[in-house]
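Biologist: Could you walk me through this one? I'd like to start with the inside and then look at a sheet and a helix.

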Amino acid sequence: MKYSANSVWENKDAYDIVVVGAGHAGCEAALACARLGLKTIVFTVSVESIAMMPCNPNIGGTSKGHLVRELDALGGEMGKNIDKTFIQSKMLNKSKGPAVHSLRAQADKNKYSNTMRQTLENQENLEIRQGEVVNILVEDSSVTGVQTYSGAIYRCKAVVLCTGTYLKARCIYGDVSTHTGPNGLQAANYLTDCLKELGIKMYRFKTGTPARIDKRSIDFSKMEEQFGDERVVPFSFTTNPEDVQIEQTSCWLTYTNPTTHEIIRKNLDRSPLYSGMIEGTGPRYCPSIEDKIVKFADKERHQVFIEPEGLETNEMYIGGMSSSLPEDVQYEMYRSVPGLEHAKIVKNAYAIEYDCIDARQLHPTLEFKSIHGLFSGGQFNGSSGYEEAAAQGLIAGINAALEVLGREQLILDRSQAYIGVLIDDLVTKESHEPYRMMTSRAEYRLLLRQDNADQRLTEIGHKIGLISDERYQMLLDKEEIIRKEIHRLEHTNVGTSREITDFLTNCGSTPLTSGSTLAELIKRPELNYELLEPIDHMRTESFSREIMEQIDINIKYEGYIKRQLKQVEQFKKLETRKIPADIDYDAVPSLRIEAVQKLKQFRPLSIGQASRISGVSPADISVLLVYLGH
Amino acid sequence: MGFKTDTIAAISTAMTNSGIGIVRLSGEDAFSIIDKIYKGKSPKLLSEQKSHTIHYGYIMDGEQTIDEVLVLLMRGPHSYTGEDTVEIDCHGGVFVTRKILETVIKYGARPAEPGEFSKRAFLNGRMDLSQAEAVIDIISSKNDYALQSSVNQLKGSVHNKIKEIREVILYHTAFIESALDDPEHISVDGYGDSLLGVVKDLQQKIQRLLDTADDGRIIKEGIKTVIVGKPNAGKSSLMNVLVGEEKAIVTEIAGTTRDVLEENIQLQGVSLNIMDTAGIRDTSDIVEKIGVDKAKENAEKADLIIYVVDASRPLDENDHEIIEMIRDKKAVILLNKSDLSTVVDKKALETLITKPMIDISAKEETGIHELESTLKEMFYHGDISFNDEVYITNIRHKTALADALSSLKKVAESIENQMPEDFFTIDLMDAYESLGSITGETIGEDLVNEIFSKFCMGK
């Protein structure tokens with residue numbers, strides 16, 4: 001649909017930055033820009049849908065929890081917001097190594113959304129405006145403003161697009177299809193054509209959500225109760241850990257069974273996925289229940305998690321059973337699951353299709369290569385998930401602001417943050433499905449832990465201007481304590497005295513036959529810093545859990561950490577070699593034609609980025625290095 | 001992958017017999033590596049000696065003496081590459097030079113990429129601008145060639161073995177990763193115990209590949225040698241004698257060998273890549289004809305041809321065809337079946353073609369020693385040689401196998417030390433990557449694809 005305005009008028013208020021969309025990406029982008037002192041306006045099709053969670057009712061999870069903590073260390077809002085609004089929290093993978101510990105909290109959805117809305121409303125320099133943006137105004141390949149459906153023009157210096165799943169959105173179940181965004185909200189039908197006219201390549205992706213069921217119709221006695229952690233760890237490094245020790249709500253676990261699977265199989269021909277009605281590409285990591293049954297036919301049951309949507313609603317989210325089957329099949333299918341025999345559906349499960357971009361058109365700063373001042377973040381970039389969206393929104397917002405301020409752009413690399421991995425993957429690799437973060441995507445994950453996100457990124461957040469001096473100083477103090485204490489442990493010897501032998505025997509640890517340092521003892525799987533207190537006579541202070549954890553991790557996994565640090569050193573050598581923007585690849589002798597084409601198309605910013613483009617070989621990289629060596 | 005500034009090593013003399021062979025090392029660890037393998041009269045370490053000095057001593061691999069050598073020391077930036085550089089001048093045998101290269105690699109160097117010494121020289125400002133383009137040319141042409149030849153050289157069976165090992169590694173990694181990613185759906189608790197067995201088994205498999213690599217069997221390298229002759233001249237028997245095991249099927253029936261068999265043998269430091277071929281004759285049997293055509297094709301490309309003449313039968317038109325075919329090639333003529341009454345006259349044959357001729361009996365294994373000496377002679381006189389690129393890629397294969405093995409050892413260690421499961425996959429993926437460098441495959445999205453295709457993720 002191409003937009004044609006009836007009455008055009010120009011809003012005379014001057015803005016530095018326009019953010020399009022107020023979902024998880026848009027909120028972070030808008031807050032970052034406003035907090036950096038830029039006059040910012042954020043558009044949303046509905047003010048009521050600010051920071052809405054249209055799918056699962058939780059924040060975090062494996063690798064996504066990492067993103068939230070990183071975002072927090074850089075000065076983002078998501079971590080603080082979930083700390084204020086969660087109703088259950090769990091550290092996943094606690095029995096595994098520290099690199100894969102991941103925090104996940106159940107959110108009270110309404111409260112989450114309202115709290116974020118208040119934060120936006122009270123933010124200095126930030127205006128919220130309900131309205132659909134239909135045009136991006138561009139002159140000489142530079143953004144000059146946007147136009148809304150009413151015809152109004154808002155001039156600005158940079159635009160951040162965070163349209164989520166709203167562009168030409170279509171919701172589908174069975175043979176029913178509505179042209180709406182998630183949750184029945186109005187879709188944005190005009191912007192796609194404007195973007196295409198600007199030469200931007202679009203994809204069509206698909207995702208889905210399960211039904212919401214009335215709590216009163218569920219028989220929980222047939223399900224297993226899932227509790228939160230006894231001691232809750234907050235997401236934000238600024239939240240006082242004592243403030244999050246609240247009374248928590250339970251989730252519930254039940255299972256599908258052969259009857260469920262039979263019902264689905266029998267009705268597959270009525271699924272829009274198999275009838276060809278859905279054209280978008282769906283994510284493999286979050287398959288619909290019909291996908292799971294087709295693909296993993298030999299599995300006799302699948303888990304179903306029943307999660308509350310909030311404290312003030314009876315709606316329950318049916319995790320694991322997203323679907324686009326017709327309404328009558330949905331009833332039959334859900335009611336075959338133990339505990340859901342009498343389920344009353346509040347909202348149907350549905351699949352949603354939407355327009356997004358091929359993110360390889362972006363620089364790692366999230367600015368379009370072809371349009372100066374146009375940035376984008378979130379599901380619009382082909383990702384999926386609230387956390388992935390928020391992380392990109394923050395970076396896109398920061399870079400839009402830095403550009404307007406004439407400051408150097410922020411690029412986090414793969415060795416610095418999951419956010420770096422996320423964005424590098426998005427802008428470098430070809431993707432045919434919504435991109436989800438996974439810990440296995442991070443090469444240096446031992447270094448990119450959720451527990452040290454503050455040590456990795458607070459300094460950067462401070463430099464940008466989103467982290468206060470006070471918070472930065474607190475981090476420096478914490479690091480100093482950790483460093484000193486580790487040094488002391490590495491230089492404190494314990495012998496083979498009776499006391500030590502008895503202590504170790506009591507801990508189920510082999511007694512020493514010769515002298516050892518306390519650090520050596522901490523390396524033993526059965527021991528840790530806290531346990532050694534009785535034999536550590538020089539210990540004067542008792543540290544917080546967070547600090548003790550850092551001491552343990554750094555000592556226990558020292559060997560592995562050092563190895564990854566060494567790999568990072570090699571990686572950085574390529575990453576820090578910048579390629580001049582005006583490089584003429586045709587003039588580079590001996591570069592293969594395929595490489596020339598790819599490099600011209602991609603215009604990578606560094607040798608490191610160039611090396612990750614498919615079709616560019618190590619030999620091409622060598623050639624480039626020699627050429628740049630001139 | 002990619003550009004590194006670690007320590008590289010290469011043989012910088014031609015891979016033929018000459019007075020001396022030179023192995024060159026360049027990079028940060030050049031001095032510390034030579035310290036570990038050099039033994040001289042002076043108790044002083046070479047790293048403590050002055051730059052631009054020459055030292056006489058021995059290259060040692062632990063207790064084993066490899067060769068008597070002269071070592072030249074050049075500290076950066078005053079060297080060809082601008083980095084710390086060590087040159088080892090050894091006795092020129094191919095075997096010895098190669099052994100020294102393997103030793104420096106064992107102690108921490110990495111085989112240099114083609115043109116890499118020049119590249120470093122350039123990047124360190126030791127070369128002027130006009131030379132730069134030439135360097136670029138070398139890098140781009142040689143690298144592609146090296147990669148290509150490296151992959152091409154793998155025998156099908158070895159390629160398949162490496163592929164199998166990679167598949168097993170990927171599967172287990174994907175399982176662990178899917179459980180880490182979706183802990184509420186997939187449990188990996190206690191997985192270490194079963195993984196340990198798998199890892200030990202893989203270690204053995206790689207060790208076996210490495211062992212054969214040491215015999216020079218795994219990777220086809222060396223002088224491309226083709227055995228030709230008319231049917232039933234005894235080519236396959238000769239091949240079996242040279243290889244030392246029954247590889248080729250030997251029967252009384254002419255035309256038994258229809259395909260081309262390949263084996264690698266070492267003759268006192270000379271590496272021969274021997275191919276047995278179908279007997280050359282005019283035939284109407286389609287399968288055999290393909291074999292004959294292949295034989296001719298291979299002979300055309302060969303560095304060396306061993307022409308087996310059945311001395312018990314008179315020369316016929318097939319022999320004449322072969323004589324024409326090998327006229328301009330390096331070749332040795334063997335008069336086989338000397339154990340029977342011979343009818344082919346050596347003198348008469350010499351009027352037709354001038355090549356070294358040896359009487360042998362493949363059946364009785366006589367004359368084989370003479371053949372070996374003749375071949376060695378030809379090699380050391382530079383009559384025949386082979387491409388050193390080919391050799392380098394083989395060292396690279398071996399290094400990659402050794403790397404994969406050491407990664408798997410680390411996995412086993414992590415399991416035995418009761419590390420959490422996520423530590424296993426770090427080294428598993430390293431092993432996967434090392435093996436991939438042999439078959440020319442990179443990781444890409446392999447892991448993510450495997451996770452999604454094999455394991456049902458939640459939500």
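Modeller: Here is a short tour of the core, a sheet and a helix. This is a predicted model, where local features need pLDDT of at least 70, side-chain atom pairs count only at pLDDT 80 or more, and totals for chains, interfaces and linings use all residues. Residues are numbered from 1 along each chain as its sequence is written, with chains lettered from A and ligands numbered from 1 in the order in which they are written.

Biologist: Which residues have the most contacts inside the largest nonpolar core?

Modeller: A:Ile17, A:Val18, A:Ala30, A:Val159 and A:Val160, in a core of 184 residues. Such a core is a set of buried Ala, Val, Leu, Ile, Met, Phe, Trp, Tyr and Cys residues joined through C-beta atoms within 7 Å. Buried means 20 or more other C-beta atoms within 10 Å of a residue's own, C-beta atoms being placed from the backbone.

Biologist: Which helix gives the most to this core?

Modeller: Helix H10 of chain A (residues 386-404), with 12 residues. Helices here are DSSP runs of H or I, at least four residues, and strands are runs of E, at least two, numbered from the N terminus.

Biologist: Okay, the sheet. What is the strand order in chain B?

Modeller: E3-E4-E5-E6-E2-E1-E7, an open sheet with mixed pairing. Strands E3 (38-40) and E7 (110-111) of chain B are at the edges with a single partner strand each, so one side of each has no neighbour in the sheet. Pairing takes at least two DSSP bridges.

Biologist: How many bridges join E3(B) and E4 of chain B?

Modeller: Three, in the antiparallel sense. B:Lys39 stands opposite B:Tyr58 in E4(B).

Methods. A residue is buried if 20 or more other C-beta atoms lie within 10 Å of its own, exposed if 12 or fewer, and partly exposed in between; C-beta atoms are placed from the backbone.
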